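Please open the structure in your viewer and keep the selection tool at hand. The stops below tell you what to select next and what you will find there.

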Amino acid sequence: MDFRLWTFDLGLSTLDFGLSTFESRARAMVRPQYDAIIIGAGHNGLVAAFYLARAKWKVLVLERRHIVGGACATDEVFPGYRVSVASYLCSLLQERVVADMRLRDFGYQVYPKDPAYFAPFPDGRYLMLWSDSKKNEAEISKFSPKDASVYSRYEWELAKLAQFIEPLLLKTPFNIPPRSPDDLIKAAGFARLALRLSPSRMRLLVKVMTQSVKDFLESWFESEELKVSLATDGVIGTWGGPQSPGTAYVLLHHCMGGVGGVRGLWGFVRGGMGGITQAMASSARALGMEIRTEAPVSKIQIQRGRATGVLMESGESLSAKVVVSNADPRLTFLKLIEPAALPDDFRSEMSSFRAEGTSMKINLALSGLPDFSAFPGQMPGPQHRGTIHICPTVEYIERAWDEAKYGVPSTRPMLEMTIPTLYDDSIAPQGKHLMSIFLQYTPYRLDAEKVWQAYRVRCDGKPLWHALKEVYADRVIDLISEYAPNFKNIIEHRHVLSPLDLEEQFGLTGGNIFHGDMSLDQLFFMRPVAGWAKYRTPIRGLYLCGSGAHPGGGVMGAPGFNAAREVLKDH
């Protein structure tokens, strides 16, 4: 060994250490403007902001839109109407979050939806499901006495699986492959928890996690009408059809909540879905949290592998001890961060993160109520109070998916419709109604030639979805009119959001309402990618708090809760 060379290297190392120490001290002398900057005032961003503010942190939330809430917002898109523009029902919001934030003290109120479900069928029959088991038994027996006899056990078994998974929603996952001894300890704890399940329930859990919703339901029921009524929860917002493996879990995901203490029940928020996020914003502001609207972020600033703040589109630079992104993972890592700042393997995996949406949202202002041929009446009735589904068979949904996966909106889409004004008198003029239509499949990526053949629409220099969406909405209205002949005559206003609109207006990459597919390979310790499931990122001081992190999509608040806990643990 050359002793002189070794001494020279040591001198450089010592010099480098001295510079690093000097730099660290210099940074400590210049206090950041904020303890935490949160990108996005959606519900998870507001939840994270609350818990950090409660810990006496100085917190700034930056929202690109003119109102808080992200996709969980109420806006006056028609004069005199308060519209839940994107998300439209509540069930998954964690009670721990509701209690800690005292949301009810700030105006949060939910009306339980009952009946839960109304489906008219082309042959003139209908199925209605309630929160009352006796009513359900009578309804289901119209189609299958056998199904009526097992339906309560089906609900019981799903509830037991939900009770097993629900405690995991507010826990930080372990990383696979493990990055620390803590990951091994948590993995062992999860294994012990799973071993407490009975063998029969363990088998059921494996089926739910791996099967298609069609296969799962066929093991329980024989009636097509009941199977399709349940299958919709397995494909809603999902890139897949009822025969796609993994959709059984999406069904279970929608069972992990409730309203008014009733498991699996969904409800309407008073004042629209913005009633949630306005209450959250008020709660966090009461602790000193600051929100800026119309404040889009163009870049997360990074120095020596650490997030130091954000650069606004206005050119303003803001510094913070940590940055927490409520944007989806693809937007966060592929658009807000310079490529060189990320490890190549992580960026490659993030480029493969699936986040293509298939859903369209149509909001309507109505002068009256639809008169369904299967359940006549224009006065408010139970047929108007539940979620109204237009999808007569499981095969109908699968065929709709078959078209979409090749780049064409479904000729006959699956429709899920709600009329919140039957519960909430604060969102429309007296005597008027709002209808929310959530439908699929409308793929984000379109095949231009096939769209021309099916709809005679070309882009003419603008994005194809912008040219197609109103034409396609006409077809949706025609479809509903087959079941309610008066429907076209009662529409006064309409507002259409294509998957591209969901991306452009709400920052949902690909128009995906869950911030990314809820498939088995993108859940729990695999969300968003393996090795980075604990809300931390390869960039020190940068965290994820949105639905692209565990436990996924829905107006839940769990990702924001968990992320804030990990931030506080690190600092």
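**Stop one: a sheet**

Begin with the open sheet of seven strands, whose order is β7-β6-β16-β17-β18-β15-β19 and whose pairing is mixed. Here strands are DSSP runs of E with at least two residues, helices are runs of H or I with at least four residues, and both are numbered from the N terminus; two strands pair if DSSP finds at least two bridges between them. Select residues 126–129 for β7 and 491–497 for β19, and you have the edge strands, each of which pairs on one side only. Before moving on, please keep in mind that this is a predicted model, in which local features need pLDDT of at least 70 and side-chain atom pairs count only at pLDDT 80 or more, while totals for chains, interfaces and linings use all residues. Residues are numbered from 1 along each chain as its sequence is written, and side-chain values use heavy atoms, with hydrogens and water left out.

**Stop two: the cysteines**

How many disulfides does a search of the whole structure find? The search finds zero, where a disulfide is a pair of cysteine sulfur atoms within 2.5 Å. Select Cys 90, which is in no disulfide, and then Cys 72, whose sulfur is the nearest cysteine sulfur at 7.7 Å. Cys 90 counts as buried because its relative accessibility is 2%; buried means under 20% relative accessible area, exposed over 50%, and partly exposed in between, with a 1.4 Å probe and protein chains only.

**Stop three: salt bridges**

A salt bridge is a side-chain nitrogen of Lys or Arg within 4 Å of a carboxyl oxygen of Asp or Glu, and by this rule the count comes to 35. Select Asp 424 and Arg 270, which form a salt bridge with their closest N and O atoms 3.2 Å apart. This pair links distant parts of the chain, 154 residues apart, with Asp 424 in the loop between β17 and β18 and Arg 270 in the loop between β10 and α11. Asp 424 is buried, at 2% relative accessibility, whereas Arg 270 is partly exposed, at 29%.

Now go to helix α15 (residues 394–404), where Glu 395 and Arg 399 lie four residues apart, about one turn of the helix. Their salt bridge brings the closest N and O atoms to 2.8 Å.

Finally, select Arg 536, Arg 565, Glu 566, Lys 569 and Asp 570 together, which are linked in a network of salt bridges.
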